[in-house]
Amino acid sequence: MEPETVEPIPQQTVLPSSVRPESDEETPEHDTLIWQVHDRYILTQIRSGLLLIDQNAAHERILYERALRNLESGFGLSQQLLFPQTLEFSPADFALIEELLPELRALGFDLELFSGRTVVVRGVPDDIRPGDERTMLEDLLAQYKANLPLRLPSRENLARSVARRNAIRPGTRLTEKQMRTLIDQLFLCETPYVSPTGRPTMIRLTLEELERRFGRA
């Protein structure tokens, strides 16, 4: 993923205040300084101390909840390809695409199936960079199959697969605007503190802990 293409898409849905952090102490202020650490973590100041965010885990959470909403509503925004792609899949992958076709369309994939294991891709979800539609679908199916031992409901499996496949990778440099957008979207999530697989998305260091570590307590 090229740095200029990874800017998260602003959310259109505003969640109720009850699902946001209970205290402003945990929420970064818009005018505070922000840094990217080793192209993996985002460091910013909050009123109670410092907040360190894992950009990959945070983006997974954002994409996961967005995918779930699209699957529940049955409608995901799609960007149409200038030149539709005709792809041929293995029998197993073609059967899986056929099984998941309603869910894939709900996510924003505009697909048409033909005999001979041929799939025509006319559009992809609007928050996915178009380019290599075959790899995109193959990666998504591979991640879905890897999750099968977890015995997840089909929609949750697919949402996890989409998030895992399309989240910002560790080592990706972000602009200040991209980092702030990522943080804003994360704190609009219903469960902002963990990724879909349970990894923490952020670590909070209080002023008391910093002072204790520097021998000031």
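**Close-up views of the predicted model**

**View 1. R151, in a loop between two helices.** R151 lies in the loop that runs between helix 3 (133-146) and helix 4, where helices (H or I, at least four residues) and strands (E, at least two) are DSSP runs numbered from the N terminus. This is a predicted model, in which local features need pLDDT of at least 70, side-chain atom pairs count only at pLDDT 80 or more, and totals for chains, interfaces and linings use all residues. Residues are numbered from 1 along each chain as its sequence is written, and side-chain values use heavy atoms, with hydrogens and water left out. Although R151 is not a glycine, its phi is positive, at about 55°. Most residues other than glycine have a negative phi. With a relative accessibility of 76%, R151 counts as exposed (exposed means over 50% relative accessible area, buried under 20%, and partly exposed in between, with a 1.4 Å probe and protein chains only).

**View 2. D39, in a loop between two strands.** D39 is found in the loop between strand 1 (34-37) and strand 2 (41-46). Its phi is near 55°, which is a positive value in a residue other than glycine. The relative accessible area of D39 is 18%, so D39 is buried.

**View 3. The chain as a whole, as a setting for the other views.** The protein chain holds 6 helices and 7 strands, and from the N terminus on its elements follow the order β-β-β-α-β-α-β-β-α-α-α-β-α. Of the 217 residues in the protein chain, 44% are buried. Among contacts in the protein chain with a separation of 6 or more, 68% come from residues 24 or more positions apart, a contact being heavy atoms within 4.5 Å.

**View 4. Helix 5 and the elements that cover it.** Helix 5 (residues 176-186) is largely enclosed by the rest of the structure, because 8 of its 11 residues are buried. The buried residues of helix 5 are Q178, M179, R180, T181, L182, I183, Q185 and L186. What covers these buried residues includes strand 1, strand 2 and strand 3 (49-54), together with helix 1 and strand 7 (202-206).

**View 5. The crossing of helix 1 and helix 5.** The axes of helix 1 and helix 5 come within 10 Å of each other and cross at roughly 50°; axes are lines fitted to C-alpha atoms, for helices over the stretch in contact, and angles run from 0 to 180 degrees between N-to-C directions. The two helices are therefore oblique to each other (under 35 degrees counts as roughly parallel, over 145 as roughly antiparallel, 65 to 115 as roughly perpendicular, and the rest as oblique). Their crossing is left-handed, as the near helix is turned anticlockwise from the far one by less than a right angle, whereas clockwise would be right-handed. On the side of helix 1, Q55, A58, H59, R61, I62 and R66 meet L182, Q185 and L186 in helix 5. By class, this contact of helix 1 with helix 5 has 4 nonpolar, 3 polar and 2 charged residues (Ala, Val, Leu, Ile, Met, Phe, Trp, Tyr, Cys and Pro count as nonpolar, Asp, Glu, Lys and Arg as charged, and the others, Gly among them, as polar).

**View 6. R61 and its surroundings.** R61 belongs to helix 1 (residues 55-73), and its relative accessibility is 7%, so it counts as buried. A polar atom of the R61 side chain lies 3.4 Å from the backbone oxygen of S195. Not counting residues up to four places away in sequence, R61 touches L186, C189, T191, P192, V194, S195, P196 and T201.

**View 7. The packing of helix 2 and helix 4.** Helix 2 (residues 91-107) packs with helix 4 (residues 154-166) at an angle of about 50°, and their axes are 11 Å apart. That makes helix 2 oblique to helix 4, and helix 2 passes helix 4 in a right-handed crossing. L100, E103, L104 and L107 of helix 2 make the contact with S154, R155, L158 and V162 of helix 4. By class, the contact of helix 2 with helix 4 has 5 nonpolar, 1 polar and 2 charged residues.

View 8. D93 has its place in helix 2 and is buried, with a relative accessible area of 13%. Apart from its neighbours within four places in sequence, D93 is in contact with L141 and K145. T118 lies in strand 6 (residues 118-125) and, at 16% relative accessibility, counts as buried. T118 touches T86, L87, E88, F94, E112 and L113, not counting residues up to four places away in sequence. T118 and F94 are 24 residues apart in sequence, and from C-alpha to C-alpha they are 7.8 Å apart in space.

How values were computed:
A polar contact is a pair of N or O atoms within 3.5 Å; within protein, one must be able to donate a hydrogen and the other to accept it, and residues adjacent in sequence count only if both atoms are side-chain atoms.
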